[in-house]
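Reader: I have not looked at this structure before. Could you take me through it by question and answer?

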Amino acid sequence: MRPQSAKAKGRRAQQRIAQSILADFPHLQPEDVRSTSMGAGGEDILLSTRAREALPLSIESKNTERLNVWGCLQQCEANAPRGAAPCLVFTRNRANTYAVVPWDVLALDCGQDLDADQRAPLGRGGGGDGAEDLAAAAYDRYRQKRDDDDAAAAAAADDDDGSGI
């Protein structure tokens, strides 16, 4: 595939993701959710502050027949700004589109203290239905765990510095 064709394929996927977000969050405007140009550094879908409050994810989009998931996740995590959990969205020709997020963000246990009628799926709503609170709580837990893991790794590195202390 020519580079120009590959970029066009990726651009179409990004635009579909942006359109899907706008459809799922009707309170957002087109200027709240933008697909970036191909080759631009950082996130593939730029979200305004308003959109980030509704969907606290940093989206990396891939439209390819072969995918190095771990490499893409590393890129996604590196590009995720503070306040946004990394989310890899990928597809290929004639296939469904999938999203990968950290397990804590999926928030399977986040709604434990809520009644069944208060629970809402992550990534829908925007109308005070509890989804944004679940997403925010899941994100907070994800970042806290990531910070704890980083601190533990730094402490282990300090212990292994060879100083014998």
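Author: pLDDT is the predictor's confidence in each residue, on a scale from 0 to 100. It applies here since this is a predicted model.

Reader: What pLDDT does the chain average?

Author: Of the residues, 75% score at least 70. Over residues 112-129, pLDDT stays under 50. The chain as a whole averages a pLDDT of 81.

Reader: How many contacts beyond four places in sequence does the model have for residues 112-129?

Author: This is the stretch where pLDDT stays under 50. For these residues, the contacts beyond four places in sequence number 25.

Reader: How far apart are the end C-alpha atoms of helix α1?

Author: Helix α1 covers residues 3-24, which is 22 residues. At 1.5 Å a residue, the helix should span 32 Å. The distance in the model agrees with this, as the end C-alpha atoms are 32 Å apart.

Reader: Which strands do the buried residues of α1 pack against?

Author: The buried residues of α1 are Lys9, Gly10, Ala13, Gln14, Ile17, Ala18 and Ile21. An α-helix has 3.6 residues a turn, so residues three or four places apart point the same way. The strands that the buried residues of α1 pack against are β1 (33-35), β2 (45-47), β3 (57-63) and β4.

Reader: Is Ser61 buried or exposed?

Author: Ser61 sits in strand β3. Leaving out residues up to four places away in sequence, Ser61 touches Ala13, Gln14, Ile17, Asp44 and Val89. Ser61 and Ala13 are 48 residues apart in sequence, yet their C-alpha atoms are 7.0 Å apart. Because its relative accessibility is 9%, and the cut-off is under 20%, Ser61 counts as buried.

Reader: Which element gives the largest share of the lining of the second largest pocket?

Author: The second largest pocket has a volume of about 260 Å³. Its lining has 18 residues, and those nearest its centre are Met38, Asp44, Glu60, Ser61 and Lys62. Two or more lining residues come from each of α1 and β3. The largest share, five residues, comes from α1.

Reader: Which residue's backbone oxygen does the side chain of Thr91 reach?

Author: Thr91 belongs to strand β4, residues 85-91, and counts as buried because its relative accessibility is 8%. Beyond its neighbours within four places in sequence, Thr91 is in contact with Arg16, Lys62, Asn63, Thr64, Asn96 and Thr97. At 3.1 Å, the Thr91 side chain reaches the backbone oxygen of Asn96.

Conventions: Residues are numbered from 1 along each chain as its sequence is written. This is a predicted model: local features need pLDDT of at least 70, side-chain atom pairs count only at pLDDT 80 or more; totals for chains, interfaces and linings use all residues. Side-chain values use heavy atoms; hydrogens and water are left out. Helices (H or I, at least four residues) and strands (E, at least two) are DSSP runs, numbered from the N terminus. Buried means under 20% relative accessible area, exposed over 50%, partly exposed in between (1.4 Å probe, protein chains only). A polar contact is a pair of N or O atoms within 3.5 Å; within protein, one must be able to donate a hydrogen and the other to accept it, and residues adjacent in sequence count only if both atoms are side-chain atoms. Contact means heavy atoms within 4.5 Å. The expected span of a helix is 1.5 Å times one less than its number of residues. On a 1 Å grid over the protein atoms alone, a cavity is a set of points where a 1.4 Å probe fits but cannot get out, and a pocket is an open set with protein on both sides within 12 Å along at least five of seven lines; lining residues have an atom within 4 Å of a point. Grid points are joined across faces, edges and corners, and a volume is the space filled by probe spheres set on the points.
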